[in-house]
Amino acid sequence: KVSGNTGREGRPTGNGQKRLSPEEREARRRQAQRRRELKKKKRRRLLMIMAAIFIVFVIAGILLYQNSYTGIVRKGNKSLNSAEYAIAQECFERAIEKKPEQAEAYTGLSKVYIAKNSLSQAEKVFTDAIKNYPDNTAIYKAFIQFYIDTSKTLKIPQLLSKASDSIQNSLKEYILTLSVMTKLIFCEFHSSMYLVNKEINERLW
């Protein structure tokens, strides 16, 4: 009795595996191709999500920096160098409000007033800061540098004569880094800072 099965489909191979028909091989090939395409889509989607997250972090970082004390001061200095004094003043005032104990913004604001030929207002920036923060060494250093830059070094001893002992002691090393002329002014005019003057004299001579 002859069977209808020719033996071409489902015939086992020499290693015991079933031999696939051309239609089955094509179906498996397409299935494998769909799996590969699906994996590619998933990878692309993952890369797009990661890129979007990265961009969000970059934008957030830029915004945070621009609104940080350092970013505001930098923008103020840039505006000052470009003679955009109104913008520079606004930036420095914002920075002072943000971190009033930091000295850089006071220096920037004083330079704005100097550029606008208002030396008295520039000095007032520091006198007000010293009143609010009498124990802030950084602001005293910035104030001293202001007097040096504006050729008002004779006012430095008067400034430090009103400072506390802790401020005077903390400024000793800073004073010793100044120019010889400035140190001589300290020695000659600031008798209340005996220990500082003594140390300056010893290192000078």
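1. Axes here are lines fitted to C-alpha atoms, for helices over the stretch in contact, and angles run from 0 to 180 degrees between N-to-C directions. The model is predicted. With that convention, take H3 and H4: their axes cross at roughly 155° and come within 9 Å. Angles over 145 degrees count as roughly antiparallel, and so H3 is roughly antiparallel to H4. The crossing of H3 past H4 is left-handed.

2. Which residues make the contact of H3 with H4? From H3 come Tyr85, Ala88, Gln89, Phe92, Glu93, Ala95 and Ile96. H4 answers with Ala105, Tyr106, Gly108, Leu109, Val112, Tyr113 and Ala115. By class, eleven of the residues in this contact are nonpolar, two are polar and one is charged.

3. Now H2 and H4. Their axes lie 10 Å apart, and the packing angle is about 20°. Angles under 35 degrees count as roughly parallel, so H2 is roughly parallel to H4. H2, too, passes H4 in a left-handed crossing.

4. The H2 side of that contact consists of Tyr69, Val73 and Leu80. The H4 side consists of Glu104, Ala105, Gly108, Lys111 and Val112. Five residues of the contact of H2 with H4 are nonpolar, one is polar and two are charged.

5. Next, the core. The largest nonpolar core has 36 residues. Those touching the most other members are Tyr106, Tyr140, Phe143, Ile144, Leu160 and Leu171. Several helices each supply at least two of the core residues: H2 (69–81), H3 (85–98), H4 (104–115), H5 (119–132), H6 (137–149), H7 (155–161) and H9 (172–176). Which helix gives the most to this core? H6 does, with seven residues. As background, nonpolar side chains tend to be buried together in soluble globular proteins.

6. Two residues named above can be followed further. Phe143 is in contact with Glu123, Phe126, Thr127, Ile130 and Leu159, leaving aside its neighbours within four places in sequence.

7. Most residues other than glycine have a negative phi. Ala83 has a positive phi of about 65°, although it is not a glycine. Ala83 is in the loop between H2 and H3. Is Ala83 buried, partly exposed or exposed? Its relative accessibility is 45%, so Ala83 counts as partly exposed.

8. The second case is Asn117, which is not a glycine either and has a positive phi of about 60°. Asn117 is placed in the loop between H4 and H5. Its relative accessibility is 72%, and therefore Asn117 counts as exposed.

9. Finally, the chain as a whole. The protein chain has eleven helices and zero strands. From the N terminus on, its elements run α-α-α-α-α-α-α-α-α-α-α. Of its 205 residues, 30% are buried. Among contacts with a separation of 6 or more, 46% join residues 24 or more positions apart.

How values were computed: Residues numbered from 1 in each chain as written. Predicted model: local features only at pLDDT ≥ 70, side-chain atom pairs only at ≥ 80, totals over all residues. Heavy atoms only, no water. Core = buried A, V, L, I, M, F, W, Y, C linked by side-chain atoms within 4.5 Å. Buried < 20%, exposed > 50% of the residue type's maximum accessible area, 1.4 Å probe, protein only. Helix = DSSP H or I, 4+ residues; strand = E, 2+ residues; numbered from the N terminus. Contact = heavy atoms within 4.5 Å. Parallel < 35°, antiparallel > 145°, perpendicular 65-115°, else oblique. Left-handed = near helix turned anticlockwise from the far one by under 90°. Nonpolar A, V, L, I, M, F, W, Y, C, P; charged D, E, K, R; others polar.
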